[in-house]
Amino acid sequence: MTEVLFRDDSYLVEAKANVVFADQRGIALDRTVFYPQGGGQPGDQGVLLLADGRSIAVVNTVYDTDRKTILHVPAEGTDLPAVGAGVVARIDWDRRFRRMRAHTALHLLSVVLPYPVTGGSVGDAEGRLDFDSGDAVLDKAEVERRLNELIAIDAPLSQRWITDAELEANPSLVKTMSVKPPSGTGRVRLIAIEGLDLQPCGGTHVARTGEIGRASVTQIEKKGKINRRVRIALASP
């Protein structure tokens with residue numbers, strides 16, 4: 001099992017770690033700051049710095065089949081490190097921060113549009129959510145205005161944990177119909193945006209909504225009879 005450092009501190013850029021194993025699937029460390037792809041958020045990229053001065057480019061980060069071990073996928077043809085080797089795991093911070101801003105913005109978008117979420121993805125300072133909005137008319141300019149109003153509140157974010165049983169007893173916490181909350185370990189992480197939103201999420205987020213910056217609604221498109229896809233893009237902070 002990999003110790004996940006990003007869950008308690010999304011702003012942690014690097015950490016010392018040791019290689020647990022390395023094979024064609026990827027490099028497993030005993031601890032990591034790298035976020036593995038899941039929940040609509042891509043895996044982190046970055047480098048593993050070895051004591052001998054070599055650096056290994058990490059092109060993606062994924063969960064192993066046990067969903068407990070995190071694999072750092074190296075560039076093709078990379079010489080793998082030895083088991084037990086010490087490394088410094090360093091993420092591509094600029095890319096991570098763009099995704100943190102986008103992920104938090106999408107949580108706010110689900111506040112602006114309080115419909116069941118049928119899909120979504122987090123990109124680099126952009127993203128989209130699909131809503132089962134029925135016959136509701138979604139006005140692009142109005143959605144954008146309301147989203148930026150929430151961003152401007154500069155509300156703080158926090159996290160807390162509840163048990164799987166507590167989540168089952170409170171199904172209204174779950175907004176996503178297509179992606180199940182990260183559960184199965186006995187507890188579930190909730191992300192709270194003070195006074196605005198509370199929902200299960202395993203991803204990385206900014207500390208305050210003001211860090212998101214200006215958001216634009218770039219497109220609202222039909223995806224079937226009752227589904228609408230809303231795409232957003234963020235300006236440079």
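Tutor: Let's start with a term we will need: contact means heavy atoms within 4.5 Å. This is a predicted model, in which local features need pLDDT of at least 70 and side-chain atom pairs count only at pLDDT 80 or more, while totals for chains, interfaces and linings use all residues. Residues are numbered from 1 along each chain as its sequence is written, and side-chain values use heavy atoms, with hydrogens and water left out.

Student: Happy to begin with Val111. Which residues does Val111 touch, not counting residues up to four places away in sequence?

Tutor: Val111 is found in helix 1; helices (DSSP H or I, at least four residues) and strands (E, at least two) are numbered from the N terminus. Its relative accessible area is 24%, so Val111 is partly exposed; buried means under 20%, exposed over 50%, and partly exposed in between, with a 1.4 Å probe and protein chains only. Setting aside residues up to four places away in sequence, Val111 touches Leu150, Lys175, Leu196 and Asp197.

Student: Now the rings. What kind of aromatic pair do Phe6 and Tyr35 form?

Tutor: Phe6 is buried at 1% relative accessible area, and Tyr35 is buried too, at 6%. Phe6 lies in the loop between strand 1 and strand 2 and Tyr35 in the loop between strand 4 and strand 5, so the pair ties together parts 29 residues apart in sequence. Rings of Phe, Tyr and Trp (its six-membered ring) pair with centres within 6.5 Å, and planes under 30 degrees apart are stacked, over 60 edge-to-face and the rest tilted. With 5.3 Å centre to centre and 75° between the planes, this pair is edge-to-face.

Student: Why is the pair of Tyr11 and Phe97 tilted?

Tutor: Tyr11 sits in the loop between strand 1 and strand 2 and Phe97 in helix 1, 86 residues apart. Tyr11 is partly exposed at 31%, whereas Phe97 is buried at 17%. Their ring centres are 6.5 Å apart, and the pair is tilted because the planes stand at 50°.

Student: Which residues form one aromatic cluster?

Tutor: The model has four aromatic pairs by this rule. One cluster brings together Tyr11, Trp93 and Phe97.

Student: Is Thr61 buried or exposed?

Tutor: Thr61 is in strand 6, residues 55-63. Beyond its neighbours within four places in sequence, Thr61 is in contact with residues including Phe34, Tyr35, Pro36, Ile70 and His72. Its relative accessibility is 0%, so Thr61 counts as buried.

Student: Last one: how far apart in space are Gly186 and Ser172, C-alpha to C-alpha?

Tutor: Gly186 is in the loop between helix 3 and strand 12, and it is partly exposed at 40%. Gly186 and Ser172 are 14 residues apart in sequence, and their C-alpha to C-alpha distance is 19 Å.
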